[in-house]
Amino acid sequence: PLLGGWIDVQEGNIDGGLTTIAGLAEVKGFELLYQLHRALMEDVSQRPEAARTAYEEALKSAGGVTLRLAWISGNFFERNGGRERAVEIYREFLAENPGSNLAVPLLKRAQSGDTATAEVADAKAGMAEVLFNLASLLSQERAEALALIHIQQALLMKPDFVVAQVLLGEILEGQNRIPEAISVYRRIPDESPFAWTVRLRIAEQLERLDETELALAELDSLAARGDQQFEPLYRKGNLLRGHERFEEAIVAYDAAMERIGEPEARHWSLLYFRGIALERAGQWERAEKDFLKALELEPEQPFVMNYLAYSWVEKKQNLDEAKQMLLRAVELRPEDGFIVDSLGWVYYRLGEYENGVTYLEQAVELRPQDPVINDHLGDVLWRVGRRVEARFQWRRALSLDPEQDQVPIIEKKLEEGVPDKPKDI
């Protein structure tokens, strides 16, 4: 019906086109598509008042403003004396999606008064929009092959359809066709609102291809732009941390923090990841400050509580506070084996071995392939006299490829057990 409606519009029969698509208003899940294409048909047919009403109804029925709806409706208002309404729509999208910068260029254009070109200028572009919309729905349902057919058809009808190019790249990513996805992303023009996002994706996909240095170069190129965005440096830090290049990661995170200035709640993860890099690089005082600041911005964040409390336990600091923190973290994330392991380990450090067994057995059930958790369970089983089981866990830990510096320690425990009066408690 949507394609048929646009054929009617192409033939000059706007009312016939609206009648053709009217039935979609009653089909569950298609109400918004109906409202959007009704608005676009009125817009293309130069009936601005009817289009204005339809766009407002589409915005109302959406529940929340999606990027595409904000883009198309804001574009209409910019072109038809409603610049203030366009600014309002773009700001609403940005408020609902604080981590997104896709609407920022649209907002700047609306505020500056620059001329906006119609996003859907004719019936052919309207049909391309239909195919794009259907491809989006199919992609969300993981029907990538069908989505690919529709998106390629959309691009045949409208080769410069940037949003469709981005979706094509995403579909190719989903099919693990990474070089092809990168090639599609490279075709996005620099002046597009999507240019920034796809460059970040290119770096991400290069890393998936084990092209780490090329990925870092891509992020450095983005960071060198004049807009002072922190995200390329944040991602660079994450990439370097993932490769255990902790000192370099800290430099990247520090540069990202300089661009942020005073951190907000949404920046807790930057502090958390920098804290991890600092801890792994032996800079505990700075790391502890970052973890505490992250918890100040995002109270009771379970991953931060886990890392901070586990670090305290390993350093034999604040054991009671660590226990309370981990009890809360386990309450928030009971299926996370690493957090459950941390609580079991703090009980071990406190000499509460039976409680330690309870939680470490749960942790091994949740993460059976983790060598550290198996090693921890072996230690606490030894303490409660279950020594055959303890040795079984240590042998299992050795079979799971532990860190090389842990291998001789575990082997020694297999031979001698652990001391009756452990020095580490």
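A pocket is here an open set of points on a 1 Å grid over the protein atoms alone, where a 1.4 Å probe fits, with protein on both sides within 12 Å along at least five of seven lines; lining residues have an atom within 4 Å of a point. Volume is the space filled by probe spheres set on the points, which are joined across faces, edges and corners. The model is predicted, with local features requiring pLDDT of at least 70, whereas totals for linings use all residues. Residues are numbered from 1 along each chain as its sequence is written.

Of the 23 residues that line the second largest pocket, T66, R68, F132, S136 and Q140 lie nearest its centre. Helix 8 provides the largest share of this lining, 6 residues (helices are DSSP runs of H or I, at least four residues, numbered from the N terminus).

The largest pocket has a volume of about 1,700 Å³. Among its 48 lining residues, Y310, E314, V372, H376 and Q406 are closest to the centre.

Helix 15 (residues 246–260) spans 21 Å from its first C-alpha to its last, close to the 21 Å expected at 1.5 Å times one less than its number of residues. Its buried residues (under 20% relative accessible area, 1.4 Å probe, protein chains only) include F246, I250, Y253 and M257. The buried residues fall within an arc of 165° seen down the axis, so they line one face of helix 15; the arc is taken from the directions from the helix axis to the C-beta atoms. On the other side, V251 and E258 are exposed (over 50%).

Conventions:
Predicted model: local features only at pLDDT ≥ 70, side-chain atom pairs only at ≥ 80, totals over all residues. Heavy atoms only, no water. Helix = DSSP H or I, 4+ residues; strand = E, 2+ residues; numbered from the N terminus.
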